[in-house]
Amino acid sequence: MKIALIAHDKKKDSIVEFTIAYKTILEKHTLYATGTTGQRIMDATGLEITRFRSGPLGGDQQIGAMIANNDMDMVIFFRDPLTAQPHEPDISALMRLSDVYQVPLATNMGTAEVLLKGLEKGLIDFRLLADRRLK
Ligand SMILES: O=C(CO)COP(=O)(O)O
(Lines give C-alpha, C1' and ligand atoms only; values in the text may rest on other atoms or scores of the structure.)
Protein backbone atom coordinates (compact mmCIF):
# COMPACT_ATOMS: atom_id res chain seq x y z
CA MET A 1 0.00 0.00 0.00
CA LYS A 2 1.11 3.55 -0.67
CA ILE A 3 0.66 5.82 2.34
CA ALA A 4 1.09 9.62 2.47
CA LEU A 5 2.18 11.25 5.74
CA ILE A 6 1.59 14.98 6.22
CA ALA A 7 1.47 17.26 9.26
CA HIS A 8 1.14 20.97 9.82
CA ASP A 9 3.84 22.60 11.92
CA LYS A 10 2.06 22.42 15.28
CA LYS A 11 1.30 18.73 14.65
CA LYS A 12 4.76 17.64 13.58
CA ASP A 13 5.79 16.41 17.04
CA SER A 14 2.59 14.34 17.10
CA ILE A 15 3.21 12.70 13.74
CA VAL A 16 6.78 11.91 14.74
CA GLU A 17 5.53 10.21 17.93
CA PHE A 18 2.87 8.42 15.91
CA THR A 19 5.30 7.09 13.30
CA ILE A 20 7.70 5.92 16.02
CA ALA A 21 4.83 4.05 17.67
CA TYR A 22 3.62 2.48 14.41
CA LYS A 23 6.97 1.98 12.70
CA THR A 24 6.53 -1.80 12.53
CA ILE A 25 3.37 -1.39 10.45
CA LEU A 26 4.56 1.57 8.39
CA GLU A 27 7.82 -0.07 7.34
CA LYS A 28 5.86 -2.74 5.42
CA HIS A 29 4.43 -0.08 3.10
CA THR A 30 5.61 2.49 0.57
CA LEU A 31 5.70 5.88 2.25
CA TYR A 32 5.41 9.39 0.85
CA ALA A 33 5.39 12.74 2.64
CA THR A 34 5.48 16.47 2.21
CA GLY A 35 8.97 17.90 2.55
CA THR A 36 9.43 18.95 6.15
CA THR A 37 7.17 16.28 7.61
CA GLY A 38 9.07 13.59 5.72
CA GLN A 39 12.44 14.86 6.89
CA ARG A 40 11.31 14.96 10.53
CA ILE A 41 9.95 11.40 10.33
CA MET A 42 13.01 10.02 8.56
CA ASP A 43 15.34 11.61 11.12
CA ALA A 44 13.35 10.18 14.03
CA THR A 45 12.52 6.71 12.69
CA GLY A 46 14.92 5.84 9.88
CA LEU A 47 11.88 4.94 7.72
CA GLU A 48 12.40 5.23 3.98
CA ILE A 49 10.15 7.99 2.62
CA THR A 50 9.78 9.62 -0.78
CA ARG A 51 9.56 13.33 -0.04
CA PHE A 52 7.67 15.86 -2.10
CA ARG A 53 7.84 19.65 -1.84
CA SER A 54 6.89 21.37 1.36
CA GLY A 55 3.13 21.88 1.65
CA PRO A 56 3.09 25.65 1.01
CA LEU A 57 5.31 25.08 -2.06
CA GLY A 58 3.05 22.48 -3.68
CA GLY A 59 3.58 19.26 -1.71
CA ASP A 60 -0.13 18.77 -1.03
CA GLN A 61 -0.81 19.18 -4.74
CA GLN A 62 1.82 16.59 -5.62
CA ILE A 63 0.18 14.08 -3.29
CA GLY A 64 -3.20 15.11 -4.73
CA ALA A 65 -1.89 14.29 -8.20
CA MET A 66 -1.01 10.77 -7.04
CA ILE A 67 -4.53 10.38 -5.69
CA ALA A 68 -6.00 11.58 -9.00
CA ASN A 69 -3.90 8.95 -10.77
CA ASN A 70 -5.35 6.33 -8.39
CA ASP A 71 -1.80 5.82 -7.18
CA MET A 72 -2.23 6.50 -3.43
CA ASP A 73 -4.01 4.18 -0.99
CA MET A 74 -4.13 6.09 2.29
CA VAL A 75 -3.50 9.61 3.55
CA ILE A 76 -2.55 10.42 7.14
CA PHE A 77 -2.74 14.18 7.49
CA PHE A 78 -2.41 15.66 10.98
CA ARG A 79 -4.06 18.99 10.27
CA ASP A 80 -3.86 22.03 12.51
CA PRO A 81 -7.45 23.28 12.67
CA LEU A 82 -6.53 26.34 14.73
CA THR A 83 -3.98 28.03 12.47
CA ALA A 84 -4.65 29.66 9.10
CA GLN A 85 -2.51 28.17 6.33
CA PRO A 86 -1.37 30.20 3.28
CA HIS A 87 -2.03 27.18 1.05
CA GLU A 88 -5.53 26.39 2.34
CA PRO A 89 -6.88 25.82 -1.22
CA ASP A 90 -4.27 23.10 -1.77
CA ILE A 91 -5.25 21.42 1.51
CA SER A 92 -8.94 21.49 0.57
CA ALA A 93 -8.11 20.08 -2.85
CA LEU A 94 -6.17 17.19 -1.34
CA MET A 95 -9.03 16.30 0.98
CA ARG A 96 -11.57 16.66 -1.82
CA LEU A 97 -9.63 14.31 -4.10
CA SER A 98 -9.39 11.77 -1.27
CA ASP A 99 -13.19 11.74 -1.21
CA VAL A 100 -13.50 11.64 -5.00
CA TYR A 101 -11.31 8.53 -5.17
CA GLN A 102 -12.44 7.07 -1.83
CA VAL A 103 -8.96 7.05 -0.41
CA PRO A 104 -9.01 6.63 3.39
CA LEU A 105 -7.99 9.96 4.94
CA ALA A 106 -7.17 10.42 8.64
CA THR A 107 -6.92 14.01 9.83
CA ASN A 108 -6.09 13.23 13.46
CA MET A 109 -4.21 10.66 15.48
CA GLY A 110 -7.28 8.73 16.67
CA THR A 111 -8.47 8.02 13.13
CA ALA A 112 -4.94 7.34 11.94
CA GLU A 113 -4.55 4.62 14.59
CA VAL A 114 -7.77 2.94 13.50
CA LEU A 115 -6.71 3.07 9.84
CA LEU A 116 -3.29 1.55 10.44
CA LYS A 117 -4.69 -1.17 12.70
CA GLY A 118 -7.36 -1.86 10.04
CA LEU A 119 -4.68 -2.01 7.38
CA GLU A 120 -2.76 -4.54 9.46
CA LYS A 121 -5.91 -6.69 9.76
CA GLY A 122 -6.55 -6.55 6.00
CA LEU A 123 -9.64 -4.35 6.26
CA ILE A 124 -8.53 -1.85 3.60
CA ASP A 125 -8.89 -4.38 0.79
CA PHE A 126 -11.68 -2.36 -0.80
CA ARG A 127 -8.95 -0.20 -2.31
CA LEU A 128 -8.20 -3.16 -4.57
CA LEU A 129 -11.81 -3.00 -5.80
CA ALA A 130 -11.53 0.76 -6.36
CA ASP A 131 -8.43 0.05 -8.37
CA ARG A 132 -10.31 -2.32 -10.67
CA ARG A 133 -13.27 0.07 -11.01
CA LEU A 134 -11.10 2.98 -12.14
CA LYS A 135 -9.18 1.03 -14.75
O1 LIG B 1 1.94 22.24 4.84
C2 LIG B 1 1.85 21.04 4.88
C3 LIG B 1 0.57 20.38 4.56
O4 LIG B 1 -0.44 21.24 4.15
C5 LIG B 1 2.99 20.19 5.25
O6 LIG B 1 4.17 20.58 4.61
P7 LIG B 1 5.57 20.28 5.29
O8 LIG B 1 5.60 18.84 5.62
O9 LIG B 1 6.61 20.61 4.28
O10 LIG B 1 5.65 21.17 6.51
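A residue is termed buried if 20 or more other C-beta atoms lie within 10 Å of its own, exposed if 12 or fewer do, and partly exposed in between, with C-beta atoms placed from the backbone. The model is predicted: local features need pLDDT of at least 70, side-chain atom pairs count only at pLDDT 80 or more, and totals for chains, interfaces and linings use all residues. Residues are numbered from 1 along each chain as its sequence is written.

The shell around the ligand comprises Ile6, His8, Thr34, Gly35, Thr36, Thr37, Ser54, Gly55, Pro56, Gly59, Asp60 and Ile91. By class, three of the shell residues are nonpolar, eight polar and one charged. At least two shell residues come from each of α3 (35–45) and α4 (59–68), and α3 contributes the largest share, three residues.

An unreviewed UniProt entry lists, under "binding site", His8, Lys12, Thr34, Gly35, Thr36, Thr37, Ser54, Gly55 and His87; such annotations may be inferred rather than shown by experiment.

Gly55 lies in the loop between β3 (49–51) and α4. Because 26 other C-beta atoms lie within 10 Å, Gly55 is buried. Residues up to four places away in sequence aside, Gly55 is in contact with Ile6, Thr34, Asp60 and His87, contact requiring C-beta atoms, placed from the backbone, within 7 Å.

His87 is located in the loop between β4 (74–78) and α5 (88–100). With 17 other C-beta atoms within 10 Å, His87 is partly exposed.

Technical notes: Near = placed C-beta within 6 Å. Helix = DSSP H or I, 4+ residues; strand = E, 2+ residues; numbered from the N terminus. Nonpolar A, V, L, I, M, F, W, Y, C, P; charged D, E, K, R; others polar. Contact = placed C-beta atoms within 7 Å.
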